[in-house]
Amino acid sequence: MNSRQEQLKALDRLLTIMDELRDQCPWDRKQTMQSLRHLTIEETYELGDAILDNDLEEVKKELGDLLLHIAFYSKIGSETNDFDIADVANEISEKLISRHPHIYSDTKVENEEDVKRNWEQLKLKEGKKSVLEGVPASLPALVKASRIQDKVAGVGFDWEEPQQVFEKLKEELEELQHEVDENNREKIEAEFGDVLFSMINYARFLKVNPEDALERTNKKFIKRFQYLEKKAKEQNKNLKDMTLSEMDVFWEEAKLL
């Protein structure tokens with residue numbers, strides 16, 4: 001691994017290149033924070049894919065892409081004298097010190113849950129009116145539900161045992177089925193949302209990340225379905241002309257791969 005001096009040299013090189021690109025490249029010079037935003041989101045998802053695939057070489061590349069965006073935003077901020085990369089680094093450093101009094105002060109903690117509770121309480125002392133202020137409005141719904149539940153659990157609003165959450169999930173499923181039987185479209189959507197929210201909460205108690213779990217299932221399904229398509233093509237068959245039982249033969253084969 002590189003020494004701290006080499007790490008700092010590499011970061012200095014990136015910042016120098018960023019200065020040069022912003023000054024000399026027509027595309028880089030044209031960019032704004034608004035124009036970069038969707039690209040940053042895309043890069044974040046690409047990093048997430050690489051992490052799920054445990055492709056460390058790709059993780060390294062995607063982290064580089066995100067680091068470039070951090071340097072880019074900081075460069076734009078410096079041009080308006082609002083902030084630069086040093087301000088960004090110092091801001092997060094001060095926050096980390098403030099939010100870890102068990103490391104940088106005399107606060108005592110027993111475990112990870114104590115740390116999380118302290119974190120949320122400290123944010124309220126910093127002036128936040130709600131523990132939920134830190135949940136971005138633009139998060140995808142599944143991720144947002146997970147973060148909401150983490151946040152409120154951090155201040156003690158939580159179930160005590162996994163079985164309680166499972167019982168709540170069963171209750172929500174029964175309510176959903178009732179509305180399905182009644183064919184009440186508006187209430188079906190509401191109850192379906194409650195079921196999903198309860199499922200995500202149950203995942204938290206099982207120590208399962210629901211986003212990761214669902215994405216791994218997505219990847220698994222894609223792999224199996226593409227195998228099904230491949231086998232059908234090898235036999236000069238069109239999927240829409242095959243019976244479910246015929247397709248199921250290849251599906252079961254795919255599950256063994």
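How many residues does helix α9 have, and how far does α9 reach from its first C-alpha to its last?

1. The model is predicted. Helix α9, residues 162-182, has 21 residues, and 31 Å separates its first C-alpha from its last. That reach is close to the 30 Å expected at 1.5 Å a residue.

2. Five residues of α9 are named as its buried ones: V165, L169, E172, L176 and E179. They cover an arc of only 85° around the axis, which means that they sit on the same side of α9. The face turned away from that buried side carries E174, D181 and E182, which are exposed. What covers the buried residues of α9 includes α10, residues 185-205.

3. Just after α9 comes N183, with a positive phi of about 55°. As background, a negative phi is found in most residues other than glycine.

4. Which residues of α10 are buried? They are I188, E191, V195, S198, I200, N201, Y202, A203, R204 and F205. These buried residues pack against α8, α9 and α11. After α10 comes K207, whose phi is positive, near 60°.

5. The largest pocket has a volume of about 620 Å³. Its lining is made of 23 residues, and T44, Y45, G48, V143 and E211 are the ones nearest its centre. Two or more lining residues come from each of α3 (33-52), α8 (141-153) and α11 (210-234). The largest share of this lining, nine residues, belongs to α3. Sorted by class, the lining of the largest pocket has 11 nonpolar, five polar and seven charged residues.

6. The second largest pocket holds about 470 Å³ of space. There are 21 residues in its lining, with E113, K116, D150, R204 and K207 nearest the centre. The elements giving two or more residues to this lining are α7 (112-125), α8 and α10. By class, the lining of the second largest pocket has seven nonpolar, five polar and nine charged residues.

7. Where does N81 lie? N81 is in the loop between α4 (56-79) and α5 (85-99). Although N81 is not a glycine, its phi is positive, about 60°. N81 has a relative accessibility of 73%, so it counts as exposed.

8. Is N236 buried or exposed? N236 is exposed, because its relative accessible area is 74% and the cut-off for exposed is over 50%.

9. G127 is found in the loop between α7 and α8. With a relative accessible area of 55%, G127 is exposed. G127 and E175 are 48 residues apart in sequence, and their C-alpha atoms are 39 Å apart in space.

Technical notes. Residues numbered from 1 in each chain as written. Predicted model: local features only at pLDDT ≥ 70, side-chain atom pairs only at ≥ 80, totals over all residues. Heavy atoms only, no water. Helix = DSSP H or I, 4+ residues; strand = E, 2+ residues; numbered from the N terminus. Expected span 1.5 Å × (residues − 1). Buried < 20%, exposed > 50% of the residue type's maximum accessible area, 1.4 Å probe, protein only. Arc of directions from axis to C-beta. Contact = heavy atoms within 4.5 Å. 1 Å grid on protein atoms, 1.4 Å probe; cavity = no way out; pocket = protein on both sides within 12 Å on 5 of 7 lines; lining within 4 Å. Points joined across faces, edges and corners; volume = space filled by probe spheres on them. Nonpolar A, V, L, I, M, F, W, Y, C, P; charged D, E, K, R; others polar.
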